[in-house]
2 protein chains.
Amino acid sequence: MTKLAALVFDRMTNLDFVGPHEVFARLPDIEIIICSPDGKPVRTDFGMCVDADTPLSAVGDVDILFVAGGPGVGELLKQADLLEEMERIGSGAGWVTSVCTGALALGAAGLLEGYRATTHWAALDILPEFGAVPTRERVVVDRNRITGGGVTAGIDFGLRLAAALHGDELAKAIQLGLEYSPDLPFDAGTPESAPPALVERFRGRIAKLTAERLALSRQAWAARKLRTSSG
Amino acid sequence: MTKLAALVFDRMTNLDFVGPHEVFARLPDIEIIICSPDGKPVRTDFGMCVDADTPLSAVGDVDILFVAGGPGVGELLKQADLLEEMERIGSGAGWVTSVCTGALALGAAGLLEGYRATTHWAALDILPEFGAVPTRERVVVDRNRITGGGVTAGIDFGLRLAAALHGDELAKAIQLGLEYSPDLPFDAGTPESAPPALVERFRGRIAKLTAERLALSRQAWAARKLRTSSG
């Protein structure tokens, strides 16, 4: 039995979770524990409900820790207790994983220090705050850390995890079932390929969020350093 | 204001809905009505809850009708009242759309007769039962019908709809935000590209489901013909 704990939270991005979950749910002998900071269902950034029935603190040993991302990730960074629980679970897990800005929570929990990692392209510059090595790839595998890029990268991440756990054949079967063979209407899915004006506009629109995240990341990391040096 | 009605139902595939929803929710001036057969929340094929607060019968004029797919779509085909509501809403909608096997419901409601359309690759052969022209493309646009292929095609579909409603620039901005630029671990997302043995195994695994769907499709279509000829 593979035990997977997926952390969801208020104002997370629904697809960050549901993309990988479609893959997780198709893995053989899997137990998926959907946990949240307080064990209650959460509301995504667009108001959808996502069931969770377990507080993160009640999660024991797992094979895989997964953290989704989204606008609400900043709230996670403020909660030292939660980050300590994440570190406890992640330290013992076979795989420590995230999609999108979920990597910031893993980072703040000390789980990416010294690891190559990725996140949503617009948050990549924050990763060094946690001692991680920011890497512009859709899915980054470094030892037992697997981090995916923004939102839709969760599907690619899920397939990579499926292959790592059960081999290429199963991952291909899941890819076929999900008909994952995009035919992109535009080549605008990355800051490298999108029109520069769009990239600037996106950065501008989230400038305040980015600044907040950076500040929260620094605070969380400083608090962690204090805690671990005095501990 | 763009009014969009999204039909969700028990045992639908979560990503069929959440993929497009991530795009819908980013459209300007959009009202998204999440409706279900009885107006209550539904459970996806893997047990996730999806909020719905409106019965399909209470949906009035909308600009867009959207239907997700999944294992539970057969139950929709059994409900003549529901299909009539779908036909009523779809007949007056600016766009009639689906992802994955949601096309079977649109078809049974008479909304694809004479239209080129697509669905999950493993269900494509059923479309002619409804007088639709099956088309192996990831997203098929025929006049005001837009149908997407299996599961993940919903993201491509969403971007095509965004472009149709608001132009390419907005669709590209959303694509950039969702970082939709897949880097496929394998080329196995279609029956044309996947190893033939995997395709056969998949068809075999869902053979019973496929036979049931075909039978339900024929029954629904025969009932509709009887109804519309006597009406």
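Trainee: Let's start with H8(A). Which of its residues are buried?
Mentor: Arg213(A), Leu216(A), Ser217(A), Ala220(A) and Arg224(A) are buried in that helix. Keep in mind that this is a predicted model.

Trainee: What covers the buried residues of H8(A)?
Mentor: The cover includes three helices of chain A: H2 (73-77), H3 (80-92) and H4 (102-108).

Trainee: And how many residues does H8 of chain A have?
Mentor: H8(A) has 24 residues, 207-230. From first C-alpha to last it reaches 35 Å, close to the 34 Å expected at 1.5 Å a residue.

Trainee: You said predicted. What are the scores?
Mentor: The model has ipTM 0.97 and pTM 0.97. For chain A the mean pLDDT is 97, and 100% of its residues reach 70 or more.

Trainee: OK, new topic. How is chain B placed relative to chain A?
Mentor: Turn chain B by 180 degrees, with a shift of 0.0 Å along the axis, and it can be laid on chain A with an RMSD of 0.0 Å. The two copies are thus related as by a two-fold rotation axis.

Trainee: How many residues of each chain are in contact with the other?
Mentor: 48 residues of chain B are in contact with 49 of chain A. On the chain B side, H1, H5 (153-166), H6 (168-177) and H7 (196-205) each supply at least two residues. H6(B) gives the largest share, seven residues.

Trainee: What's the make-up of that side by class?
Mentor: The side of chain B that touches chain A has 26 nonpolar, 13 polar and nine charged residues.

Trainee: Why do the copies meet through the same surface?
Mentor: Because 100% of the interface residues of chain B are also interface residues in chain A.

Trainee: Let me pick a residue in H6 of chain A. Is Ile174(A) buried or exposed?
Mentor: Ile174(A) is buried, because 24 other C-beta atoms lie within 10 Å and the cut-off is 20 or more. Ile174(A) sits in H6 (168-177) of chain A.

Trainee: Which residues is Ile174(A) in contact with, leaving aside neighbours within four places in sequence?
Mentor: Val23(A), Arg26(A), Leu159(A) and Ala162(A). As for Gly70(A), 104 residues apart along the chain, its C-alpha is separated from that of Ile174(A) by 25 Å.

Trainee: Over to chain B. Where is Arg11(B)?
Mentor: Arg11(B) lies in the loop between strand E1 (2-7) and helix H1 (14-24). With 16 other C-beta atoms within 10 Å, Arg11(B) is partly exposed.

Trainee: What is Arg11(B) in contact with, beyond its sequence neighbours?
Mentor: Once neighbours within four places are left aside, Thr44(B), Asp45(B), Gly70(B), Pro71(B) and Gly72(B). The C-alpha atoms of Arg11(B) and Val73(B) are separated by 7.7 Å, though the two are 62 residues apart along the chain.

Trainee: Last one: H3 of chain B. Which residues are buried there?
Mentor: Leu82(B), Leu83(B), Glu85(B), Met86(B), Ile89(B) and Gly90(B). Seen down the helix axis they fall within an arc of 155 degrees, so they line one face of H3(B).

Trainee: What do they pack against?
Mentor: In chain B, they pack against E1, E6 (64-67), H2 (73-77), E7 (95-99), H4 (102-108) and H8 (207-230).

Trainee: And which exposed residues are on the face turned away?
Mentor: Asp81(B) and Ser91(B) are the exposed residues there.

Methods: Residues numbered from 1 in each chain as written. Chains lettered and ligands numbered in written order. Predicted model: local features only at pLDDT ≥ 70, side-chain atom pairs only at ≥ 80, totals over all residues. Least-squares fit on C-alpha atoms with pLDDT ≥ 70 in both. Contact = placed C-beta atoms within 7 Å. Helix = DSSP H or I, 4+ residues; strand = E, 2+ residues; numbered from the N terminus. Buried ≥ 20, exposed ≤ 12 C-beta atoms within 10 Å, placed from the backbone. Arc of directions from axis to C-beta. Nonpolar A, V, L, I, M, F, W, Y, C, P; charged D, E, K, R; others polar. pLDDT = per-residue confidence, 0-100. Expected span 1.5 Å × (residues − 1).
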